[in-house]
Amino acid sequence: MTKPKVLFLCTGNSARSQMAEGLLRAMAGEHFEVFSAGTEPKGRILPEVEEAMREIDVDISGQWSKSVAEYLGRAVFAHVVTVCADAEENCPVVFLTMGTHHHWGFDDPAKADDEHRLPTTRRVRDQIEQRLRLWLTGQGIAPKEFRW
């Protein structure tokens, strides 16, 4: 049986959508194929995102920053989740009308100054995790525990 595909979208695909992709894979990867993309990808994942995810033993080393255009005409998603207002406004309409669309707005860690970027990233990571747990529970899926 084919697993439903989930796409997380943000602007740069360097923080929020990357964390959501890694977290959903860790929590319920056996139930979904998980992807992320950006409307204006930065081409890299923020080092603070990689660090914050390592802290909770979620490996995102196989992920990379990519454009939503890579999926145009190539994939059908059961769930499309925008994690920032900019992606909600600028995402190609084809994705927002595909499957079930959700908008979960989170602060952008990339906009925090150097001193506050890691704490902001941790806070947003935890908010995304909490939101995913609620979403999974609402679908009758018990999310895996992965924190040490």
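In this predicted model, Arg16, Met19, Ala20, Leu23, Leu24, Met27 and Ala28 of helix H1 meet Thr121, Val124, Arg125, Ile128, Glu129, Leu132, Arg133, Trp135 and Leu136 of helix H5. By class, the residues of this H1–H5 contact divide into eleven nonpolar, one polar and four charged.

**Helix packing**

Two packed helices are described by the angle between their axes and the distance between the axes. For H1, which covers residues 16–28, the axis comes within 10 Å of that of H5 and crosses it at roughly 45 degrees. H1 and H5 are therefore oblique to each other, and the crossing is right-handed.

Helix H2 (residues 47–55) also packs on H5 (residues 114–138), at an angle of about 55 degrees and with the axes 9 Å apart. The H2–H5 crossing is right-handed. On the H2 side, the contact is made by Glu48, Val49, Glu51, Ala52, Met53 and Glu55, and on the H5 side by Arg117, Leu118, Thr121, Arg122 and Arg125. This contact of H2 with H5 has four nonpolar, one polar and six charged residues.

The two pairs are set out below.

| Helix pair | Angle between axes | Distance between axes |
|---|---|---|
| H1 and H5 | roughly 45 degrees | within 10 Å |
| H2 and H5 | about 55 degrees | 9 Å |

Thr121 and Arg125 of H5 are listed in the contact with H1 and also in the contact with H2.

**Sheet**

Four strands form an open sheet with parallel pairing, in the order E2-E1-E3-E4. Its edge strands are E2 (33–38) and E4 (100–103), each of which pairs on one side only. From one strand to the next, the twist averages 20 degrees. Strand E1 (residues 5–10) and E2 run parallel and are joined by six bridges.

**Whole chain**

The protein chain has five helices and four strands. Along the sequence, these elements follow the pattern β-α-β-α-β-α-α-β-α. The radius of gyration is 14 Å, close to the 15 Å that the globule rule gives for 148 residues, so the chain is as compact as a globular protein of that length. Taken along the principal axes, the C-alpha atoms fill a box of roughly 40 × 35 × 25 Å.

Notes:
Residues are numbered from 1 along each chain as its sequence is written. This is a predicted model: local features need pLDDT of at least 70, side-chain atom pairs count only at pLDDT 80 or more; totals for chains, interfaces and linings use all residues. Side-chain values use heavy atoms; hydrogens and water are left out. Axes are lines fitted to C-alpha atoms, for helices over the stretch in contact, and angles run from 0 to 180 degrees between N-to-C directions. Helices (H or I, at least four residues) and strands (E, at least two) are DSSP runs, numbered from the N terminus. A crossing is left-handed if the near helix is turned anticlockwise from the far one by less than a right angle, and right-handed if clockwise. Contact means heavy atoms within 4.5 Å. Ala, Val, Leu, Ile, Met, Phe, Trp, Tyr, Cys and Pro count as nonpolar, Asp, Glu, Lys and Arg as charged, and the others, Gly among them, as polar. Two strands pair if DSSP finds at least two bridges between them. The radius of gyration is taken over C-alpha atoms; the globule rule is 2.2 Å times the number of residues to the power 0.38. Angles under 35 degrees count as roughly parallel, over 145 as roughly antiparallel, 65 to 115 as roughly perpendicular and the rest as oblique.
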